[in-house]
Amino acid sequence: MGKTRGVSAVNVVFGWLRKQSNKVKIALGITISLILVVLLKFTVHNDNHFFIASELIHATGILILIYKLTRQKTCSGLSLKSQEVTAIFLAVRLICSINFEGDIHTVLDFATLASTLWVIYMIRYKLKASYIKTLDTCHNYYVLVPSAILALIIHPSTSYPYIHRILWAFCVYTESVSVLPQLRLMQNAQIIEPFTAHYVFALGIARFLACAHWLIQVFETRGHYLWLIGAGYFWFPAALIAELVQTFILADFCYYYVKSVMEGQLVLKMPV
């Protein structure tokens with residue numbers, strides 16, 4: 001009885017949201033996000049934990065894919081192009097991490113990269129018959145070329161070698177748009193299987209945590225964090241915008257994901 005009332009209340013809320021204009025939906029989304037960022041600021045005292053949590057959640061998303069591929073023996077609904085772009089930015093970030101830090105982030109990046117390469121292998125060879133290539137229409141160069149050009153123009157100004165600074169900027173920009181091929185495939189398919197939806201939702205949560213770290217740093221330094229270092233003072237603003245872009249890209253999907261879960265739907269349907 002209580003569960004029925006709860007579902008009815010959820011339906012009323014989502015029904016009201018559907019009737020609102022895009023401006024109202026965006027305003028509500030921004031407001032809720034800022035409230036969550038403020039809560040995180042007062043509950044998490046070590047900012048480094050945001051990045052660790054983000055990387056762990058990303059790794060969890062990969063584990064969900066591994067479960068799907070090994071148990072269901074199908075890669076239907078997965079974008080090979082998105083996985084390839086993910087492997088590229090993870091490999092670049094791992095190189096940078098080894099040269100810059102060599103800490104827990106390096107270990108997490110290595111584990112995530114190895115898992116992503118395994119997923120690519122399964123899609124390309126073992127489960128090739130279930131890969132729907134006709135729906136995976138977003139070419140990788142649409143993502144990689146702009147990221148490379150932007151990295152050459154805007155990158156951090158540090159004591160590290162020039163090539164490493166370019167590579168670090170490249171992986172930041174590429175990561176921010178790496179999910180686009182996957183979202184494009186899901187838009188083409190319209191119907192999204194549960195494990196694929198769980199994976200993309202995990203990416204959304206991971207990006208929100210990483211973005212929250214940047215926003216909290218900007219808030220605590222009263223905006224000075226944006227101008228600490230960078231080529232022409234543009235590096236930190238560009239990196240923050242990259243984080244915001246990916247968070248915004250995934251926000252719409254996360255809305256429909258939460259809506260489907262709350263309504264008890266096993267299969268997520270994207271709007272036309």
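For these notes, helices are DSSP runs of at least four residues, numbered from the N terminus. The model I am reading is predicted.

**Entry 1: the largest cavity**

I found three cavities of 30 Å³ or more. The largest cavity holds about 90 Å³ of space. Which elements give two or more residues to its lining? I noted α4 (80–100) and α9 (194–220). Of the elements, α9 gives the most, with four residues.

I then listed the lining of the largest cavity by residue. Among them are H58, S82, T86, F89, E175 and S178. V179, Y199, L203, A206, R207 and Q246 also line the largest cavity. By class I have five nonpolar, five polar and two charged residues there.

**Entry 2: the second largest cavity**

I put the second largest cavity at about 40 Å³ of space. Its lining is S54, E55, H58, R93, D109, T112, E175 and R207. The largest share, three residues, comes from α3.

How many nonpolar residues does this lining have? I find no nonpolar residues, against three polar and five charged.

**Entry 3: cysteines**

C171 is buried, at 1% relative accessible area. C75 is buried too, at 0%.

**Entry 4: aromatic pairs**

I searched the whole structure for aromatic pairs and found three. One of them joins Y67 and F195, with centres 5.2 Å apart and 45° between the planes, a tilted pair. Y67 sits in helix α3 and F195 in helix α9, 128 residues apart, and the pair links distant parts of the chain. Y67 is partly exposed at 42% relative accessibility. F195 is partly exposed at 22%.

I noted another pair, Y121 and Y125. Their ring centres are 5.5 Å apart and their planes are at 40°, so I logged the pair as tilted. Both tyrosines lie in helix α5, four residues apart, about one turn of the helix. Are Y121 and Y125 partly exposed or exposed? Y121 is partly exposed at 38% relative accessibility, whereas Y125 is exposed at 58%.

Technical notes:
Residues are numbered from 1 along each chain as its sequence is written. This is a predicted model: local features need pLDDT of at least 70, side-chain atom pairs count only at pLDDT 80 or more; totals for chains, interfaces and linings use all residues. Side-chain values use heavy atoms; hydrogens and water are left out. On a 1 Å grid over the protein atoms alone, a cavity is a set of points where a 1.4 Å probe fits but cannot get out, and a pocket is an open set with protein on both sides within 12 Å along at least five of seven lines; lining residues have an atom within 4 Å of a point. Grid points are joined across faces, edges and corners, and a volume is the space filled by probe spheres set on the points. Ala, Val, Leu, Ile, Met, Phe, Trp, Tyr, Cys and Pro count as nonpolar, Asp, Glu, Lys and Arg as charged, and the others, Gly among them, as polar. Buried means under 20% relative accessible area, exposed over 50%, partly exposed in between (1.4 Å probe, protein chains only). Rings of Phe, Tyr and Trp (its six-membered ring) pair if their centres lie within 6.5 Å; planes under 30 degrees apart count as stacked, over 60 as edge-to-face and the rest as tilted.
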